[in-house]
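Subject: Structure handover and findings

Hello,

I am handing over the structure we talked about. Please look through it alongside the notes in this email.

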Amino acid sequence: MIRQVIRGIFWVILLIIVLKGCLRADLPSVDNQVKNPINNSKEISYEIPINKTINGIDYLQSQSDIGNFGGEFVMSTIGEGPKTFNPFNSKDNTSSQMAGIMYDGLLATNPLNGQPMPKLAKFIQSMPDKTTYIVKLRNGLKWSDGKPITADDVVFTWNDIIFAGMGDTSTRDSLVIEGKLPIVEKIDNHTIKFVTPKPYAPFLMMLSTPIAPKHYFLPAVKKGNEFFDSFLSTNTKPENIVTSGAFKLKEYVPAQRVVFEKNPNYYEINKKGEKLPYLDKIIYMIVGDINNQVLKFEGKEIDYISLQGSKVARYKSLEPHSDFKLYNLGPDSGTMYMSVNLNNRKKDGKFYVDPIKQKWFQDLNFRKAIDSAIDRKNMVLNIANGIGEPLYTPESLNSIFLNKNLKPYNKDIKKSKEYLKSSGFYLKDGKLYDKNGNRVEFNLYTNAGNTEREAIGVMVKQDLEDLGMKVNFKPIEFNSLVNKLVSTFDWDMVIMGLTGSPLEPNGGKNVWLSDGRLHMFNMRTPKEGKIGILPWEKELDEMFTKGALETKFENRKKYYDKYQEIVYNQKPMIYIYSPTIIVAIRDKFKNIFPTSLGGLTHNIEEIYIQKDTETKNTKVQKEWK
């Protein structure tokens, strides 16, 4: 596989020359100007929707070009599809993406500058005490079943679902402020008051959390956590699901597709007063792996694809004679990493992790040796085809909180061997042993079907075998992998990725707090709390607690710089590289405004199909109908 990738290096070098200086995208500026550097098009102006009251109903009004109604947008998702449609119980990116289509929050993130902007809320007033927020809902909002959206739904969502610990508790955990949660109260049918225990910088960003219809969710909440965890499973009849987003679920066929149809009660209109969205349907084809996804795009079965670096040069050469356009969205806002299992606790008298391996993984010199042996630059060249950059910190390369004082470094096998030698490891016949004579051998996991991570795994295995380590590389099904990471703790090393925000590190609080639900490298059960906490983990707790309580950027950055420094030095997660996001979309779709924050579909309700463009996947769509 890697040899095949190398064959494309010549074309990549040509592409890099053409794109020199363009592959590093800055955060969009507030002047609403969005550039498309990869195909050198002129600047595109995008204006966010504004409030518009008509006959007593508070709409959002699109400021984009008026488009044509009808048609379908076919996308894809890697893997086996969503695990749930419950936005409060989603633990994977695909499920969160699907739920995000169906449920809106009080606010959303402005795709141009990252600032909060109104969604279900008409406006939010921040009071002088910096702890009180008054939220005014839009008049006339309706759920997809026609029932009104009111303050009761908002209070119920926060108090009875999120703060009560129903489903995934990541949102609740991110809002614990010195042991206390915010207070949420109803003022009237359209007004809600939030009060935080102290000024809390990330709070407004958290109000993008979906709001649940009380009349639909209440019976599930009353039955308790166990029932709630299975509520809105993928077996739920689509016609029964009550939503607020621009689209609602129409059909789900396991391992094949997810189909959404427009919500007739959606609250956004165009400048002629016509209800959006323009599209009739959004269809997600469920594809097993990235290679299959590419085949389906080239076969015109899907309309949109995010390209691996190895594919970009070819697509760039095809673009002038094709029916698609390429867009550069800048560095990935997520992070790709390799982690080791530091867990040293027992369950029923048995260690979660082999005690021999525990000693290796908890040895900082061992982790440093692994880190120093990884050839990030070679990975960028051979896997991302030069379209990306090595990554050394838990903040993405486009994060405004990135600690630029943490210096990059190259692969250094000599230094790796020195680290190992200082902890008593030694080589014999090319094989590495610890000071007690145990052969260094462990399992390295990633999720099967993600060919990029699988390629990284192959190269990591090769790099570590240069040190005499025996690495058993095992790509496995995603759900099984997640179960190992957060439930059984039965794993050695793993290659994974995390989504992130370039604007707010507090979103990673659940990864870095010692009792966080995604603190996978030293995971604790809820009953264990902070048992077995390491000194530097305690320091991470302090950095995230203090960083969120500061309201000035420069003061916050000091704490988040320090957390990155701790991770950089302790290496519980070893970061690999950050690909540049290059996407392709059929040029029949209009109102496309790419940004590094929002991607290409942040305004999905405004996107439409140009009528004089022939639909080239009609046959496939008719078969689905």
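This is a predicted model: local features need pLDDT of at least 70, side-chain atom pairs count only at pLDDT 80 or more; totals for chains, interfaces and linings use all residues.

Opposite Y337 stands M496 in β26.

Another antiparallel pair consists of β17 and β28 (residues 577–586), with six bridges between them. Y327 has V583 in β28 as its bridge partner.

As background, the strands of a sheet pair through backbone hydrogen bonds, and they do so either parallel or antiparallel.

Helix pairs

The α4 and α7 crossing is left-handed. On the α4 side the contact involves D152, D153, F156, D160 and I161, which meet K214, F217, L218 and V221 in α7. Sorted by class, the α4 and α7 contact has five nonpolar residues, four charged residues and no polar ones.

The pair α18 (residues 535–549) and α19 packs at about 160°, with an axis separation of 8 Å. Are these two helices roughly parallel or roughly antiparallel? They are roughly antiparallel to each other, since angles over 145 degrees count that way. The crossing of α18 and α19 is also described as left-handed. From α18, the contact is made by W536, E539, L540, M543, F544, K546, G547 and A548. From α19, the residues are R556, Y559, Y560, K562, Y563, I566, V567 and Q570. By class, the contact of α18 with α19 divides into ten nonpolar, two polar and four charged residues.

A further residue of α19 (residues 553–570) is D561. D561 has a relative accessible area of 18% and is buried, the limit for buried being under 20%. Apart from neighbours within four places in sequence, D561 is in contact with F401, L402 and N403.

Backbone details

Most residues other than glycine have a negative phi, and most peptide bonds are trans. The following places depart from that pattern.

- F489 is not a glycine, yet its phi is positive, at about 60°. F489 sits in the loop between α16 (478–488) and β26, and F489 is buried, with a relative accessible area of 3%.
- E178, also not a glycine, has a positive phi of about 50°. The loop that holds E178 runs between α5 (170–174) and β10 (183–188).
- The peptide bond from L276 to P277 is cis, and omega is near 10°. P277 is in the loop between β14 (268–269) and β15 (281–287).

Two loop residues

N410 is in the loop between β21 (388–390) and α14 (413–422). Its relative accessibility is 47%, so N410 counts as partly exposed. Which residues does N410 touch, not counting those up to four places away in sequence? They are S372 and K377. N410 and K377 are 33 residues apart in sequence, and their C-alpha atoms are 7.6 Å apart in space.

E301 is in the loop between α9 (290–298) and β16 (304–307). At 24% relative accessibility, E301 is classed as partly exposed. Between E301 and S76 there are 225 residues of separation in sequence, while the C-alpha to C-alpha distance is 9.6 Å.

Regards

Conventions: Residues are numbered from 1 along each chain as its sequence is written. Side-chain values use heavy atoms; hydrogens and water are left out. Two strands pair if DSSP finds at least two bridges between them. Helices (H or I, at least four residues) and strands (E, at least two) are DSSP runs, numbered from the N terminus. A crossing is left-handed if the near helix is turned anticlockwise from the far one by less than a right angle, and right-handed if clockwise. Contact means heavy atoms within 4.5 Å. Ala, Val, Leu, Ile, Met, Phe, Trp, Tyr, Cys and Pro count as nonpolar, Asp, Glu, Lys and Arg as charged, and the others, Gly among them, as polar. Buried means under 20% relative accessible area, exposed over 50%, partly exposed in between (1.4 Å probe, protein chains only). Axes are lines fitted to C-alpha atoms, for helices over the stretch in contact, and angles run from 0 to 180 degrees between N-to-C directions. Angles under 35 degrees count as roughly parallel, over 145 as roughly antiparallel, 65 to 115 as roughly perpendicular and the rest as oblique.
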